[in-house]
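Please keep the structure open beside you as you read.

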Amino acid sequence: MTAFGGGTASWTYRELADKRGWIDQNDFITGLTFSQVMPGANPVNLALYLGMELRGGIGGFIAVFGLVAPAFCLVILLGLFYNWLSTFPITSVLLSGVAAVGVGATLSVGAKLAQVMLKRGEIASRVAQAIIALATFAAIGLMQWPTIPVVAVAAPLSVLTALVIRRIHGHG
Amino acid sequence: MDSRLLALVMVFAPLSLVSFGGGQAIVADIQYQTVEVHSWLSNQEFANLFAVARAAPGPSTMIVALLGWHVAGFWGALIATIAIFLPSSLVMYFSASWWHRNANSPWRVAIERGLTPVAVGLVFAGAVAVMRAMHMHPVGLAVAVVCAALIYYTKISAYLMFGCVMTLYAALFYFQLI
């Protein structure tokens, strides 16, 4: 349960679907997309979703606890280890290397989400989504506006836009 | 409650609710709140804790446990972790139940389509925030871009990548290039 290295949903899939047959592929993909777009850490949301799918609310709680508790202990241990190591000058150089990999991982998550976004729906919907993504990025990444008000405006606006575009295209 | 613990909750619980796209989405604001607003730590310390959290197995959001520990010890770590996971998990719990009951609602697709671009923008903003906090030099930028491409296009093991990059950095340090 501890081997969730930031973003290894494929590993979870292998355990739950391939090896144990607890869940089918469609359920898993729906859960994964939903976990990514909802607020919260993706692996935690996914654990909650799959836990609920298997055993209801209790299952969700146990899955989240099973994920967060070991991760919490490990990160604290590493943190203490870091305090001890931080007296050596090379530590911060090595850590900036790790942080660079971390930034790379973050960029690839963004690129994957962007790819999903740009490959589905009508043209109007894709253009609208690209504009909203760029605006959100510019506001928080470049202008350094605080996240909460920006999301409070962008999220409802974006959902409404998606709804309106679907109406226009006659999907109900 | 200890005022520092309360401050941790006040910083992390609201961010939990807007972390569309995962922990990366709110890194920008976590950095701003902890470094600029509360001055709990320096930019360099923040970048180091970010790295420690990335190196540990588990969600990268776990950086809040390290920040909590830095501010108020064990209880700080515990409270910060609960503050970042509980609100979003409750939202996820209720929306997942709703999701099941309304399989054919037009809102479902609209929510999925509407929240994705917000998540994309947030994730990229988070990457920029970390780069800014660590005053990333060209080597770091190149490493980040190469790693992003490797993760995107291949199934390379994360630990192999960490190993290579750390060797590279150790060599650069040894020859005093950074």
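Chain B has a mean pLDDT of 88, with 99% of its residues at 70 or more. Keep in mind that this is a predicted model. Within chain B, the element with the highest mean pLDDT is helix α1 (residues 3–17), at 94, while the lowest value, 86, belongs to helix α5 (residues 106–133) of chain B. For the complex, the predictor reports an ipTM of 0.81 and a pTM of 0.82.

Now turn to the interface. Here 82 residues of chain A are in contact with 86 residues of chain B. On the side of chain A that touches chain B, two or more residues come from each of α2 (25–37), α3 (42–85), α4, α5 (123–142) and α6 (147–168) of chain A. The most come from α4(A), which gives 26 residues.

Let's follow α4(A) to one of its partners. The axes of helix α4 (residues 89–118) of chain A and helix α6 (residues 138–153) of chain B come within 7 Å and cross at roughly 45°, which means that α4(A) is oblique to α6(B). Their crossing is right-handed. Among the residues that meet here are G97(A), A100(A), V101(A), G104(A) and L107(A) in α4(A), and the α6(B) side includes G140(B), V143(B), A144(B), C147(B) and I151(B).

Key: Residues numbered from 1 in each chain as written. Chains lettered and ligands numbered in written order. Predicted model: local features only at pLDDT ≥ 70, side-chain atom pairs only at ≥ 80, totals over all residues. pLDDT = per-residue confidence, 0-100. Helix = DSSP H or I, 4+ residues; strand = E, 2+ residues; numbered from the N terminus. Axes fitted to C-alpha atoms, helices over the stretch in contact; angles between N-to-C directions. Parallel < 35°, antiparallel > 145°, perpendicular 65-115°, else oblique. Left-handed = near helix turned anticlockwise from the far one by under 90°. Contact = placed C-beta atoms within 7 Å.
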